[in-house]
Amino acid sequence: MREARHADVLVVGGGPAGLSAAEAAARAGARVILLERQKEIGYPVHTSGGSWIKDMRTLGIPSELYYPIRRVTFLSPHRQAQFEYAEPVCCVLDVRGVYQHLAGRAVAAGAELHPSSPVERPLVEDGRVVGVVAKDHRNRVGEWRAPVVIDASGFSCTLSTRAELHAGYRRYGYGAEYDLFAPHYDPDHLYLIMGSQVAPAGYAWAFPRGKGRVRLGVGVIRPDVDADARDYLDNFVERLPSLAPAFAGASPVEYHTGLFPSEGVVERFVGEGLIATGDAAGHGSTLVGEAFASRSTAARWRGRWPRRHTRGRSFGALPRALRPRVAGTLRPRDGDFVSRESTHRGLGRRALGREHGVADRLTAAQAADLLRGDYSVGLFLGVLRRNPGLLRTGARKFFDLAFQRLGRTAGVNEAEVADAPA
């Protein structure tokens, strides 16, 4: 074994969460080492790259690294809802380019990155995580030690499960995607498609990213169904012939797969010497699987906070001042974080489903809030004010559920909710 190396903060994982945490910790004055198991930051691609322009600006991502979308269409077996955005709000990332940009920022801040350095296990002494055992790019095994270890290893949550911080994920999304050159596809049009014929217990997507390229993918939820997303992807055009003209003459240039936790934020993501962030802590949207902004923002705060805890202090709950500053998809509950998508799981899909028909009654801005996961009493009251008749239709069950859940978390008076449409 190589001689042990030491740092103030050790980050495991070179995705957006790990890179953001590394940058934040380095800017706070800590000596930071980041270990990434792959040979290249940003490869292979495990995400479709759908995100939000507002979040990209907040996170300082250059505009040339994301492609703006002007038209969004929701498709379900019996309904279609299309929204136009003169000023785009959503975008598709140049995934590899964004990751490399974040890596450059982390290095510029003083972090030390080590690609091709897979972690084998955590080092635990007296019940506290004090580092990891990992290989380097020459396959040499060694110890890396730090008072603070951040697990940003993604869905595998390598450290968190082995250190028994949490048990990992039983419910998860599995996605398969082609990055196509599609000469006849409308470069301004993004599709989100639901229905068992294209994606049982999941959804399909078509995300344009400019220069004739479009990402076509299918995601399913395990263990809800046994369906193989790859089978549905390969037969997508046959299953949805209305989109066949858009993909005429298209051919894959890349093939991507990925796993995504679909249980919301884990019960416990801070332990003795160990903090989990990103997918390792369930910090993503369980509605559409978009997590770049919430991963990055949460991780930035993970990176800033440990500076005061690098001399052997124990970890309890995260400081109260940190909680409200995490991304909008996370909110405090009982001294911990919970994702709004986890709290209100199913509301977005119910809105798009055939039994409620809510999506085609939304404004473009409301549709964007729904897709982004910005669920609020204001959103649902706004929909009802424009469409009071929804309470007399099949949508009543959807709104009853929405207000029941939102009312508990926001302290809404049920009588006010009942009178709101008038």
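I looked up R213 and D179 and found that their side chains meet in a salt bridge at 3.0 Å, N to O, where a salt bridge is a side-chain nitrogen of Lys or Arg within 4 Å of a carboxyl oxygen of Asp or Glu. R213 lies in strand 17 (residues 213-222) and D179 in strand 14 (residues 172-181), so the pair ties together parts that are 34 residues apart in sequence; strands (E, at least two residues) and helices (H or I, at least four) are DSSP runs, numbered from the N terminus. I noted that D179, at 0% relative accessibility, counts as buried, with buried meaning under 20% relative accessible area, exposed over 50% and partly exposed in between (1.4 Å probe, protein chains only).

This is a predicted model, in which local features need pLDDT of at least 70 and side-chain atom pairs count only at pLDDT 80 or more, while totals for chains, interfaces and linings use all residues. Residues are numbered from 1 along each chain as its sequence is written, and side-chain values use heavy atoms, with hydrogens and water left out.

Next I turned to R96, which forms a salt bridge with E254, the closest N and O atoms being 3.8 Å apart. This pair links helix 3 (residues 95-109), which holds R96, to strand 18 (residues 251-261), which holds E254, across 158 residues. R96 is partly exposed at 24% relative accessibility, and E254 is partly exposed at 22%.

Last, I checked helix 1, where eleven of the twelve residues are buried, so the helix is largely enclosed by the rest of the structure. After helix 1 comes G29, whose phi is positive, near 105°.
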